[in-house]
Amino acid sequence: MDAATTDETIQSNIRTASRPSELRITDLRVAEIIGAPFTSVLIKIYTNQGIVGFGEVRDGASATYALMLKSRLLGENPCDVDRLFRRIKQFGGHGRQGGGVSGIEIALWDLAGKAYGVPIYQMLGGKFRDRVRCYCDTDAERPSGTETGRRLKARMDMGFTFLKMDLGLMQIADIPGAVVAPAGSLEGYRVHPERGPAKTLEDRRARNAIYDTHNVRHPFSGLHFTDKGIDLLEQYIHEVREVIGYEVPLAIDHVGHISLQNGIRLARRIEKYVPAWLEDVIPWQYTEQYRQLQDATTVPICTGEDIYLKEGFEPLLKSGGVSVIHPDLLTSGGILETKKIGDMAQDHGVAMAIHMAESPIAAMAAAHVAVATENFMALEYHSVEVDWWDDIVTGLPKPLVNDGFIEMPDKPGLGIDDVVDDVIVQHLQPGVAGIWQATKQWDDEYSWDRTWS
């Protein structure tokens, strides 16, 4: 073989679709969907080399959280993930406010992985496991532990080896004598603030009143479980365990807007049913109250889905107030930040579960962190009843969650080939006209962002 032929053979086998050092961000667009299982905003970041990165804004959050960052990313190399994250992270916050920064960070990692031809987990240091255990989150829609137990048993029959259910205020709110509450206050917790255009100013005012009710922190709600209420909640979980047995871990969520003292009472009563954890009993900001709660019970205490950045987790970990942390990548700061959070938790002897109630994009981002973090326990899956969930993307196994696990592919980036427009256009949020529409109005958004002088 002559030199010219050899050179031609080499050139034909070199992947030239991406030259990472010359990769540049050219556009950012979104698609706003509903029902997967909640509202979600999918992100596409486009580049000058035709590679597209996928991300997602946290369920229930606004697309604006991502779009407002576009002008700070155009022209940049998306492979500089950490540098760009440090530039934009000041525009995130706790809860859904972390969604824009976090979703963009995920899309940057997807682009970097595609540019270099490696899966994201490899760029995080490699794998501790080949598949991701998913816990099946199951809303308790009826005040019947036996009925909820049957629904959970059906999840077990599907292969799930880790479960979660609701146990708290909403299971007993309609039972006379179960809850002590200021007159009329329970009504505000039965509904959530609506989305979309309001018909009148009075409609807006009523919607805002519901919003305000849900933003009263637990110590100030005035809600208390009576002894009857505690008995009923214990009976509820007893009935569940009678159906599903004790071989499978069962986590507890959605206790309601109750006080530390009521949380302690409930935790002590359900210890015998061996919960995997008791989640978000009080707002995560009350570090000292979390320490008191964990000290008062043998039930592992868990929180974290609304905490932004690793420094937000540090006080809880140092206090000993949690046994399990539960970040959501779409709030916590994305992929690398959540990996750092998990490693910090491990240093304190604390396990990490991951919250996830969005599309396969968020699921795969979380899965890459899960396989790359040693103290990972289980990843939430909340879309069992969403029959089109797997159809949102291409390139992944179907079903993605199979027998309760996600088998990790070794494809570049997130492992997703594309988003299926024909599917997502059928599930647009109310008032949204289309998908991936031009966002030039955000190209030149500007402010002097430095936070010091």
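1. In this predicted model, strands β5 and β8 run parallel and are joined by 4 bridges. Within that pairing, M165 stands opposite I252 in β8. Strand β8 is covered on both of its faces: L250 and I252 are buried on one side, and A251 and D253 are buried on the other.

2. Just after the helix, G159 takes a positive phi of about 110°.

3. Which residues of α6 are buried? They are G145, T148, G149, R151, L152, R155 and M156. Viewed down the axis of α6, these buried residues fall within an arc of 160°, so they line one face of the helix. As a reminder, an α-helix has 3.6 residues a turn, so residues three or four places apart point the same way. On the face of α6 turned away from the buried side you will find the exposed residues R150 and D157.

4. What do the buried residues of α6 pack against? Their partners are β4 (131-138), β5 (163-166), α10 (227-244) and β8 (250-253). Setting aside neighbours within four places in sequence, T148 is in contact with A140, R142, M165, Y236 and V240. M165, among these contacts, is the residue that stands opposite I252 in β8.

5. Now for the aromatic rings: the whole structure holds 5 aromatic pairs. One of them is F160 with Y381, a stacked pair at 6.1 Å centre to centre with 20° between the planes. This pair links distant parts of the chain, since F160 sits in the loop between α6 and β5 while Y381 belongs to strand β13 (residues 376-381), 221 residues apart. F160 counts as buried because its relative accessibility is 4%; Y381 is buried too, with a relative accessible area of 8%.

6. The rings of F162 and W277 have centres 5.5 Å apart and planes at 35°, so this pair is tilted. It also links distant parts of the chain: F162 is in the loop between α6 and β5, and W277 is in the loop between α11 (260-269) and β9 (278-279), 115 residues apart. Both F162 and W277 are buried, and together with Y135 they form one aromatic cluster.

7. Finally, two arginines lie over ring faces: R131 over F405, at 3.6 Å from the ring centre, and R450 over W452, at 4.2 Å.

Notes. Residues numbered from 1 in each chain as written. Predicted model: local features only at pLDDT ≥ 70, side-chain atom pairs only at ≥ 80, totals over all residues. Heavy atoms only, no water. Buried < 20%, exposed > 50% of the residue type's maximum accessible area, 1.4 Å probe, protein only. Helix = DSSP H or I, 4+ residues; strand = E, 2+ residues; numbered from the N terminus. Arc of directions from axis to C-beta. Contact = heavy atoms within 4.5 Å. Pairing = 2+ DSSP bridges. Phe/Tyr/Trp six-rings, centres within 6.5 Å; stacked < 30°, edge-to-face > 60°. Lys NZ or Arg CZ within 6 Å of the ring centre and 35° of its normal.
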